[in-house]
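Work through the exercises below with the sequence and the 3D structure in view. Try each task before reading its solution.

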Amino acid sequence: MKYKGKLLAGIAGLAVLATGAVAEDLTIVHGSVGRDQEVLRGQLDRFEEETGHSVTIVSMPESTSDQFGQYRLWLSAQSSDIDVYRMDVIWAPQMAQHFVDLTEPMADIIDQFVPAAVESQTVDGKLVALPLFLGAPALYYRSDLLEKHGEDVPETWQEMTDTAQKIMDAERAEGNSDMYGFVFQGAAYEGLTCNAQEWVSSYGGGRIVELDGSIGINNPKAAEALNLAASWVGGIAPEGVLNYKEEDARGVFQSGNAVFMRNWNYAYALAAGDDSPVKDTFAVTTLPDGGEGTSSAATLGGWNLGVSEYSEHKDAAIELVRYLTNYDNQKERAIVTSRPPTLMAVYEDADVAEQQEFIPLWKPVVDNALPRPSAATLRKYNEVSSTFWTAVHSTLSGDGSAEDNLARLEAELTRLRGPRW
Amino acid sequence: MGKSRSLLSRTRTRSAWLVLLPMLVTLFVVAAWPLGRTIWFSFTDASLDLMADAQFVGIRNYLEYVKFGDEDGQYYGLLADARWWRSVWNTIYFAVVSVSFETLFGLVIALVLNQQFRGRGLVRAAVLIPWAIPTIVSAKMWAWMMHDQFGILNDMFQRLGLISEPVAWTASPDTAMIAVMIVDIWKTTPFMALLILAGLQMVPQDIYEAAKLDGVPAFRTFRRVTLPLILPAILVAVVFRTLDALRVFDIIYVLTPNTDATRTMSVYARENLFDYDQFAYGSAASTLLFLVIAVITITFIMATRMDLEGKRS
């Protein structure tokens, strides 16, 4: 009798496991920009309905650097409070040990993802996180103003500078005193590393740290790029750009006060939204290049979902990651938040092409996007990035010439590297 | 007789220790142990992920000469790190300027609040509001007020014709530190005012009456009577504020993180501890931060011959 009771209980337990009917409480953490939170909540509601699990969102500040510090603390303390982390594309090499290897659980679907995205999340054969959406910047421009002043869409940074200056001056002369030429992310944080890497690389100045770990950043082409950027601050760009992050830049552009803006894809959906003053008067193109013989560079961005090694609900968490990255949810995200998807098939979706026409066009940009040197510099990446953005920020603020700051940057990076990265 | 007294005093000593024990244990757990751990980590190669595996490495985090061969080499470590010394300078500069202004404004406000006037209670409460708002909230509030495009400060100054172009208060390296100090002075002046006011209320009123009868001018009364009497209260308040200002973190972290112009010792330590994979190096910075504050405080107390044990009274 007693034995039978145990057996029954065991069978019942197995049955519950097999159908996944155990309702678990999951927690997902992300740093929301634009409409991310709203879309995520909607998708989680459907997930809760379908599976019976419940999911709580923990929201973080906008700055990726701030998020990193907090996640680092939680993970080092082996906290089980968070099950799923939304991770920046550059974090995988630094945080690999804290995450579940997703190679096995995702083996059946991984071939459908953009290879560059999967590669960025693979560290020594371990799939640290599953790519949720990609990011590749665009040059946003006011098509109405370009037309009004008879200017073409610029193809080089110099052309952009001249066009911005000309339109800004003309608009101001007409009484539009808040008009600026160009806004970007110039605050001293990871975003500036992305921006500056694009300037340098599109001028043929190489990478911050090359793939083989060598340091060649102190070169005349990099200096040329930074000198041009420094000339923007206080000229075509407001001086406050030195403290702008993504949302500050979008705020200025979307209020109609900038001719050009460098920003990630999420800004497209918001700037084209019904309540946006620039709704019908802007367009996007690829970032400019450095002129003859150079090509435009776009920093690879994007966010990925990792399952914490210390989660007490790993299976349910993996289920959640699979759910949030499935076709329908990626499609919704592409349409509502204009985030480039990580599933290749979504780029060919007719609805996406119709409602966010630039997404199919962005496939080649995403495919050729420039990764930051996180793979080459491993655990020292944050310090490398911070050293780089400090040098750039100093140059932009007029604290030393580009040449001097780059020479110092080279010395500091060499010192930081020591015998090896 | 003598023996029984010593027995009594021994019992009393023992019970005194017993009564003190909970506090000593608490102090050890919350103060001595973490401090000791931090100092220990500063002599190891600890990283945040592998704290248990920390190995002793001597003073390498503080100073180390690395030979590159060919008689070439370079000093590494905190003591050879220009960014660290810049942070030390930023911290001291911030502390000196903001505490000076806070003391001055606090004194003026305290003198006003010490007078009899209608609605004094209300004003005294209202003055405390900046101090009551959590620092993160007030820093964020000021960050918006100082925003170059959407901020109200630029709007007001432009309307008044004080500036022609919006100023990027927290972004430009010329004004970033000033912006931080303005917010700090706004926030902690009430604290100074409160402590000085407490000192003012201890001054006996009859001294003023005597001075008045003798026809001493108000300013001389203040210099010769009030100031010397409230000086001990001011000095204690200054020490409190200086200690606080030397550890400043939250205001700067919210207003202008990551820039050389405002990075203080605490910001530098946090950056290495958590953002970079340099837990041991950050611990060394924390240890030096502790030493710097200790040296400055002790020097200040000795220089002003502050009466901490109440001997002179």
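**Exercise 1. The contact between the chains**

How many residues does the contact take from chain A, and how many from chain B?

Solution. Begin with the conventions: this is a predicted model, in which local features need pLDDT of at least 70 and side-chain atom pairs count only at pLDDT 80 or more, while totals for chains, interfaces and linings use all residues. Residues are numbered from 1 along each chain as its sequence is written, and chains are lettered from A and ligands numbered from 1 in the order in which they are written.

Step 1. Two residues are in contact if their C-beta atoms, placed from the backbone, lie within 7 Å. The contact takes 26 residues from chain A and 19 residues from chain B.

Step 2. On the side of chain A that touches chain B, at least two residues each come from α3 (64–76), α10 (246–254) and α18 (381–396) of chain A. The largest share, six residues, is that of α3(A).

Step 3. Sort this side of chain A by residue type. Ala, Val, Leu, Ile, Met, Phe, Trp, Tyr, Cys and Pro count as nonpolar, Asp, Glu, Lys and Arg as charged, and the others, Gly among them, as polar. The side of chain A that touches chain B then has seven nonpolar, 12 polar and seven charged residues.

**Exercise 2. Confidence**

Which element of chain B has the lowest mean pLDDT, and which the highest?

Solution. Step 1. pLDDT is the predictor's confidence in each residue, from 0 to 100. Chain B has a mean pLDDT of 88, with 94% of its residues at 70 or more.

Step 1. Among the elements of chain B, the lowest mean, 72, belongs to strand β1 (residues 64–69) of chain B, and the highest, 94, to helix α2 (residues 82–113) of chain B. Where pLDDT is low, the predicted coordinates should not be read in detail.

Step 2. For the model, the scores are ipTM 0.72 and pTM 0.80.

**Exercise 3. Chain A and its domains**

Describe the fold of chain A in numbers, then its domains.

Solution. Step 1. Chain A has 19 helices and 11 strands. Its C-alpha trace spans about 95 × 55 × 30 Å along its principal axes.

Step 1. The radius of gyration is taken over C-alpha atoms, and the globule rule is 2.2 Å times the number of residues to the power 0.38. For 421 residues a compact globule would have a value near 22 Å, and the 23 Å of chain A agrees with this.

Step 2. Domain bounds come from an automatic or database domain assignment. Chain A is divided into domain 1 (24–135 + 300–367) and domain 2 (138–299 + 372–417). The centres of these two domains, taken over C-alpha atoms, are 27 Å apart.

Step 3. In chain A, 21 residues of domain 1 are in contact with 23 residues of domain 2. On the domain 1 side of this contact, α3(A) gives the most, with three residues. That side divides into nine nonpolar, nine polar and three charged residues.

**Exercise 4. A strand with two partners**

Which residues point each way from β7(A)?

Solution. Step 1. A:Ala138, A:Tyr140 and A:Arg142 point one way, and A:Leu139 and A:Tyr141 the other way. All are buried (20 or more other C-beta atoms within 10 Å of the residue's own; exposed is 12 or fewer, partly exposed is in between; C-beta atoms are placed from the backbone).

Step 1. Two strands pair if DSSP finds at least two bridges between them. Strand β7 (residues 138–142) of chain A pairs with β10(A) in the antiparallel sense over four bridges. Four bridges also join β7(A), again antiparallel, to strand β9 (residues 258–263) of chain A.

Step 2. Follow A:Tyr140 across the strands: its bridge partner is A:Met261 in β9(A) and A:Val284 in β10(A). A:Arg142 stands opposite A:Phe282 in β10(A).

Step 3. Strand β10 (residues 282–285) of chain A has A:Phe282 and A:Val284 on its covered face, and A:Ala283 and A:Thr285 on its uncovered one.
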